Every structure is written in structure tokens, then in C-alpha cells.
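My notes are below as numbered points, so please read them with the model open beside you.

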Amino acid sequence: MTPRGPVTEYQSRPSGPSVPDAISADQMDPEARSALNSLPNDLADSVARYLVAAELEEDPEKGYAYTQAAKRLAARVGVVREACGIAAYRTSRWAEALSELRAARRMTGRDDYLPIMADCERALGRLDRALALVHEATAEGLSRAMQIELRIVESGIRRDQGHTDAAVLALRVPELTSGRVRPWSARLFYAYADALLAAGRAEEARDAFARAAEVDTGGETDAADRLDELDGIEFEDLAEAEDLEDLEDLEDLDGLADAEGEQPAEAQAEEPADAEELTDPEAAADPQDVAG
């Protein structure tokens, strides 16, 4: 009889956050879903649902929790590490995001993560490293959208370095004047406006913010607010204004009540005489009756 080894207590994996029932693995992008084919079907579906939930979640912290659950199940899959990096980036975990995206880049061989990686280095104050990452990218290996994102990051790095003219030049691309609106046009115009403003070119910056506000139909930027700031328009908080009006009305009512409650000095002086008349029978009688 073969002796048994030491008895160990079974420990289950820590469970992740609950995924809404309405979310299914089929909602995942087909190309990304194919990256999970190396996993058993049931496991692949679980990971896919976590990743879809993370992408749809509006709360960055909850989205981060979903990606961490996916990572516990499939840490060696590039698309999972990519999702973890993006979620960490959205929650300002710069160093963690950089580490996850480096891993994703090694696993997938793709450079799509370079803009976010460079921005993480920038957020960590390592401007030279950030600029080096920007220059690592090759135009052939990136989509135009990613190229524009890299230029936006580079412009921010140049501003941080104090090179404001270089920040403007980094965003001088044909798409600024082509007239065609693209999904990233609002971000490009906004970044260009920021660069112009840093360079002391306020009037040009105003025009760029106006263009960003015009094409930003999804509220991706605060271009409209920035435009109002440049125009010197300040909007007071309506709620505070209403509260102030209510307070003033209340004070007016209190003042009116106080005024009604106070009697003139002459009336106050007459009060004792009236009281005496009510208590003195002779004072209350008719003078003729008393005489008779």
C-alpha cells in the first residue's frame, strides 16, 4: 500500500467581484477573444466576462477589480495583462500600469501600448524615459490613432520640460486642418490648444478649444469649460444661488415678523392706562352716570 503524503487543507482561489448576469463572453471583441483560445472553454468564458465587465464598468476602481480577477485566472495571457495595465492606468497606478503593459508587450509583440507607457513614465516624472518610449515606436507598426496619441503624449512631455514651442510643433499634423472629423479629433484639438496656451498664444488656443468643443459630442474633454474660461465667463452654482435666495427670503420674513411683534413706544406707554380702566369700575363708567 502506497503511503499517503502529508494531508494539506484545500484552499480555493479567492473569488473575484460578481459579474452582472447580462454580461456574456460573446460581447468580447472577436480578435481579443481569440487570444483566450489557449485556455479551457469554461475558463476562457470566465476570463472573457471579467474583461468585458471591466471595459463596460464606469467606476475605474471596479473595473480594476475585474481585471485583477481575470489576472488571477490567466496571468500568462497577453490580452489579460493589457487589460490590467489599462485599468491600473485609469486608477492612476502608474508604476503598476507600466509593469503590466511591459508584460503585455513582451507577450504580444505589439507596440500599441507605447502611448500609455510613455504617459506613465511622464506621470512618474521620468521625462527622459517617457521621450525614449515615444521614439521607440515606428510609424509602420502603429495605427494612425496610436501615432496621434504618441504625439499628444510627446507634446505634454515637451511642455513639462519647458519647451513650449516644441510642444506645439509636435502636434502640427495634417489632421489639424483636413476638415475631416475622426474619433480622436477632439483630443488632438484639445492637446493643441493646451500647447498653444502654454506658449502664450491665447487667441489661437481659444480657436483650438472651440474646435475641440465642436467635435467633442461625447464629452470626452472639458473643452467647452476651457473656452468659457478664456472668454471670461463664470457660471455661478445654481444650487448655491437658490439657497442664498431662500436664506434672504427667510431673513425678510423674520424681519417682518419682528416688525409686527414690536409696538410703537406711544402704544406701549398707553398699555398701563388701558389695563387700569379694565380693573377700575369707576374709570370704566360714563362720566354723566358718576355725576348723577
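What share of the 292 residues in the protein is buried? Buried residues make up 33% of them, where buried means under 20% relative accessible area, exposed means over 50% and partly exposed lies in between (1.4 Å probe, protein chains only).

1. **Ground rules.** This is a predicted model, in which local features need pLDDT of at least 70 and side-chain atom pairs count only at pLDDT 80 or more, while totals for chains, interfaces and linings use all residues. Residues are numbered from 1 along each chain as its sequence is written, and side-chain values use heavy atoms, with hydrogens and water left out.

2. **Overall build.** The secondary structure comes to 16 helices and 0 strands. Both are DSSP runs numbered from the N terminus, with at least four residues of H or I for a helix and at least two of E for a strand. Taking contacts (heavy atoms within 4.5 Å) between residues at least 6 apart in sequence, 53% join residues at least 24 apart.

3. **The largest pocket.** Its volume is about 1400 Å³. Of the 46 residues lining this pocket, E82, I86, R90, I116 and M146 are the closest to its centre. Helices that each supply at least two lining residues include helix 1 (30–34), helix 2 (41–56), helix 3 (60–73) and helix 10 (185–198). Helix 4 gives the most, with 8 residues. By residue type, the lining divides into 22 nonpolar, 6 polar and 18 charged. Here Ala, Val, Leu, Ile, Met, Phe, Trp, Tyr, Cys and Pro count as nonpolar, Asp, Glu, Lys and Arg as charged, and the others, Gly among them, as polar.

4. **How pockets were found.** Rolling a probe the size of a water molecule over the atoms shows where empty space is left. On a 1 Å grid over the protein atoms alone, a pocket is an open set of points where a 1.4 Å probe fits, with protein on both sides within 12 Å along at least five of seven lines, and lining residues have an atom within 4 Å of a point. Grid points are joined across faces, edges and corners, and a volume is the space filled by probe spheres set on the points.

5. **The second largest pocket.** This one has a volume of about 190 Å³. It is lined by 11 residues, and those closest to its centre are V134, A137, Q147, L150 and R151. Helix 7 (127–136) and helix 8 are the elements that give two or more residues to this lining, with the largest share, 5 residues, coming from helix 8. The lining splits into 5 nonpolar, 3 polar and 3 charged residues.

6. **Helix 6.** Why is helix 6 described as largely enclosed by the rest of the structure? Because 7 of its 10 residues are buried. After helix 6 comes G125, with a positive phi near 85 degrees.

7. **Two residues of helix 8.** E149 lies in helix 8 and is buried, at a relative accessible area of 15%. Its side chain makes a polar contact with the side chain of R187 (2.7 Å); such a contact is a pair of N or O atoms within 3.5 Å, where within protein one must be able to donate a hydrogen and the other to accept it, and residues adjacent in sequence count only if both atoms are side-chain atoms. Leaving out residues up to four places away in sequence, E149 touches P115 and R187. S155 is also in helix 8 and is buried at 1% relative accessibility. With that same exclusion of residues up to four places away, S155 touches A167, A170, L171 and A195.

8. **Two loop residues.** D231 sits in the loop between helix 12 (223–230) and helix 13 (238–261) and is partly exposed at 35%. Its side chain makes a polar contact with that of R206 (2.8 Å), a residue 25 places away along the chain, with 8.3 Å between the C-alpha atoms. S92, in the loop between helix 4 and helix 5, has a positive phi of about 65 degrees although it is not a glycine.

9. **Cysteines.** The structure holds 0 disulfides, a disulfide being a pair of cysteine sulfur atoms within 2.5 Å. C84 is buried at 0% relative accessibility, and C120 is buried with a relative accessible area of 0%.
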